[in-house]
Amino acid sequence: MKPTLLLPLAGAAAAFFLVAAAPDNEQAPPGAAEAIAKALPDKPFAKPLKARKVLVFAKTAGFRHQSIPTGKLALTELGKKTGAFETVVSDDLANFEPKTIDQFDAIVFLSTTMDPFSPSQDELKGMDDKAKKDAEKHVERLQKSLLDFVKGGKGFVGIHAATDTFYNWAEYGEMVGAYFDGHPWGAGQEVSIKVEPGQEKHPLVAMFEGKNQDFKEEIYQFKAPYDSKKYHMLLRLDTEKTDMKLGGIKRTDGDFGVAWAHSYGKGRVFYCSIGHNNEMYWNPVILRHYLAGIQWAIGDFKVKVDK
């Protein structure tokens, strides 16, 4: 699909919360570093086959989550403490250029929103027609480069708002597995997250020990191309232990996936919607879940994924 440089209005609050770039003073809240350090696992799930490098990309063109700096810190320390990977935290689009992208083993989209590859609306206003066409070609090149990277055998990891991204790029939706369709369960809402029935011993969720995780967190519902039959489901919202009388619930089938994995060409895609609240990044179980997912996406954690 040819990219458009118009901001889509399909996202969570895209028309109302426009943030072109990360604030210069963006940082994790006081005490976050200490809390993360205590929660980190001591070792990787699998010994890296070679030195691994992961790009953490958190550029936003819509709502910007306050937990992004906490997530950046947690992922950096996760790789460092376990030795599983080196983390490069950067929103520089040059990293997605063909050949340049090949230095990475996986790309993490950390709560990206809307179209992070396109110029901002303010930048577009100052462009003539030629500059706009050049910008479109640039977006097309970066999009193809990312798809080729994953299909060619590398990894993609989506965290939280990665599904609130690239609504006008259908191939991205198919790759990540869903598009955001609201969050009836807000940041202060108590929710219960369960392991997909039958997957209790699967290595990507074994750290849950088959037990629910109960906490306050913003939980998404999804729209097409979401189809839980197409992916190896790992976590779901437990609708029997979560308030289902809230306003804004659109799905009537009770299918509220939270985490899944699937093959994409020769590559691997792991997505988990947990990550709105800062506290999620110092939850020991969630950190181990992300470590397992990232190591699987990289290709070091050799576990079977059925889809």
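This is a predicted model: local features need pLDDT of at least 70, side-chain atom pairs count only at pLDDT 80 or more; totals for chains, interfaces and linings use all residues.
## Annotated domain

UniProt, in an unreviewed entry, lists residues 53-297 as "domain: ThuA-like". In the model this span is 26% helix and 22% strand. Its end C-alpha atoms lie 12 Å apart.

## Helix α1

Helix α1 covers residues 32-39, and its buried residues are Ala32, Ile36 and Ala39. Viewed down the helix axis, these buried residues fall within an arc of 65°, so they line one face of α1. An α-helix has 3.6 residues a turn, so residues three or four places apart point the same way.

The cover over the buried residues of α1 includes α2 (68-82) and α6 (284-298).

## Helix α6

Of the 15 residues of α6, 13 are buried, and the helix is mostly covered. At 1.5 Å a residue, a helix of 15 residues should span 21 Å; the end C-alpha atoms of α6 are 21 Å apart, which agrees.

Both ends of α6 have local features. At the start, a side-chain oxygen of Asn283 comes to within 3.0 Å of the backbone nitrogen of Val285. Just after the helix, Gly299 adopts a positive phi of about 115°.

## Met127

Met127 sits in the loop between α3 (121-125) and α4 (129-151). Its relative accessible area is 23%, so Met127 is partly exposed, the cut-off for buried being under 20%.

Leaving aside residues up to four places away in sequence, Met127 touches Pro119, Lys132 and Ala135. Glu279 is 152 residues from Met127 in sequence, and the two are 41 Å apart in space, C-alpha to C-alpha.

Technical notes: Residues are numbered from 1 along each chain as its sequence is written. Side-chain values use heavy atoms; hydrogens and water are left out. Buried means under 20% relative accessible area, exposed over 50%, partly exposed in between (1.4 Å probe, protein chains only). Helices (H or I, at least four residues) and strands (E, at least two) are DSSP runs, numbered from the N terminus. The arc is that of the directions from the helix axis to the C-beta atoms. Contact means heavy atoms within 4.5 Å. UniProt positions are given in the numbering used here, feature names are shortened, and annotations may be inferred rather than shown by experiment. The expected span of a helix is 1.5 Å times one less than its number of residues. A polar contact is a pair of N or O atoms within 3.5 Å; within protein, one must be able to donate a hydrogen and the other to accept it, and residues adjacent in sequence count only if both atoms are side-chain atoms.
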